[in-house]
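Try each task before reading its solution.

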Amino acid sequence: MAATEEQQFPLPKILTYPASAPPSLIAQGAEGRLYKTTHLESGLPCALKFRPSKPYRHPILDARLTKARIAAEAKVLDKCYREGVPVPAVYALDAATGWMMIEWVEGRPVRQGINDWLGERPTEDAPAVEEDETPFVDLMKRIGEAVGNLHRTGVIHGDLTTSNMMLKPWAPSQSSTESGDKAKVVEGDVVLIDFGLATQSSSDEDRAVDLYVLERAFASTHPRAERLFDHVLESYKHAFKKAPSVLIKLEDVRMRGRKKSMLG
Ligand SMILES: Nc1ncnc2c1ncn2[C@@H]1O[C@H](COP(=O)(O)OP(=O)(O)OP(=O)(O)O)[C@@H](O)[C@H]1O
């Protein structure tokens, strides 16, 4: 797999050095690429986020922008990690060449877990069979808590979606034995990823917009679970002392959103 990828994209230099296993390309976005690699230490899988230079930009501007963006992302991640927000640890950074090496988070995006839970349910209000929603509600609460912790540190994510959260598997002892196999798809610690658009702010408005982005993304990705999103906000309120004024602001932000969509 690595050989094809190497032909498709030139590897960042750090990944051309020998390692216990070849790097694999996990994601290729508009701004950068994400590799899984053991280049730092064999036995320690890492995620290497690489922002290649953009040939269409002026080289001096390009170097400055690449460096500033990756450095800003690493700085915010590091701040969050040190303050106990569930994010990957930053292991290494080379801003000048546009990469950072961060902790590899095992598991799957929250989006997949939610979709597996919802399965083929026909409508939003009608579960296919009468079922215990507790495991799903618990996941909603863990999401609210993670976002509350994030906002408490003065960081705005900027792109909160269920794809930018991972479900990191629990140890078997933490895993539920009562709720059956279905519950397993929504088990795990919520870890926030992709801080490429993150900023530092403590304003109610910025926090409310962050929540609004998540609310909208949730409604469009998981329309059948929309009614359960309130659990996210409820747990946000418990996790974060300043949540009440943010939630009041969220009402304004929603109103502006509705007006905007009415005006087209
Ligand atoms: N630390 C990590 N551990 C495991 N998988 C990760 C990690 N970080 C990212 N991923 C996986 O790689 C995908 C892309 O990562 P990320 O969203 O950070 O990059 P991106 O979309 O290229 O970033 P940007 O939006 O800043 O350009 C994620 O959706 C996720 O599946």
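**Exercise 1. Work out the order of the strands in the five-strand open sheet, and find its edges.**

Step 1. Reading across the sheet, the order is β1-β2-β3-β5-β4, with antiparallel pairing. Strands here are DSSP runs of E with at least two residues, helices are runs of H or I with at least four, and both are numbered from the N terminus. Two strands pair if DSSP finds at least two bridges between them.

Step 2. Now the edges: β1 and β4 (90-94) each have a single partner strand, so one side of each has no neighbour in the sheet.

Step 3. On average, neighbouring strands are turned by 20 degrees against each other, direction ignored. Axes are lines fitted to C-alpha atoms (for helices, over the stretch in contact), and angles run from 0 to 180 degrees between N-to-C directions.

Step 4. Residues are in contact if their C-beta atoms, placed from the backbone, lie within 7 Å.

A word on the source before you go on: this is a predicted model, where local features need pLDDT of at least 70, side-chain atom pairs count only at pLDDT 80 or more, and totals for chains, interfaces and linings use all residues. Residues are numbered from 1 along each chain as its sequence is written.

**Exercise 2. Describe how β1 meets β2.**

Step 1. β1 pairs with β2 (residues 33-37) in the antiparallel sense, over four bridges.

Step 2. The two strands make a hairpin, with four residues between them.

Step 3. For a landmark, find alanine 27, which sits opposite leucine 34 in β2.

**Exercise 3. Locate the ligand relative to the two domains.**

Step 1. Look at the contact: 12 residues come from domain 1 and 14 residues from domain 2.

Step 2. Both domains give residues to the shell around the ligand, so the ligand lies between them.

Step 3. Who is in that shell? Of the 18 residues around the ligand, Ala27, Gly29, Glu31, Asp194 and Gly196 come nearest; a residue counts as near if its C-beta atom, placed from the backbone, lies within 6 Å. β1 (24-28), β3 (46-50) and β5 (99-103) each supply at least two shell residues.

Step 4. Sort the shell by class: 10 nonpolar, four polar and four charged. Nonpolar means Ala, Val, Leu, Ile, Met, Phe, Trp, Tyr, Cys and Pro; charged means Asp, Glu, Lys and Arg; the others, Gly among them, are polar.

**Exercise 4. Find out how helices α7 and α8 cross, and who touches whom.**

Step 1. The axes of α7 (residues 230-239) and α8 (residues 243-263) come within 8 Å and cross at roughly 145 degrees.

Step 2. On the α7 side, the contact uses Leu233, Tyr236 and Lys237; α8 brings Ala243, Pro244 and Leu247.

Step 3. By class, that contact has five nonpolar residues, no polar and one charged.

**Exercise 5. Trace the pairing partners of β8.**

Step 1. β6 (residues 108-109) pairs with β8 (residues 165-168) in the antiparallel sense over two bridges, and arginine 108 stands opposite leucine 167.

Step 2. β8 also pairs antiparallel with β9 (residues 189-192), over four bridges. There, methionine 166 has valine 191 in β9 as its bridge partner.

Technical notes: Domain bounds come from an automatic or database domain assignment. Two residues are in contact if their C-beta atoms, placed from the backbone, lie within 7 Å.
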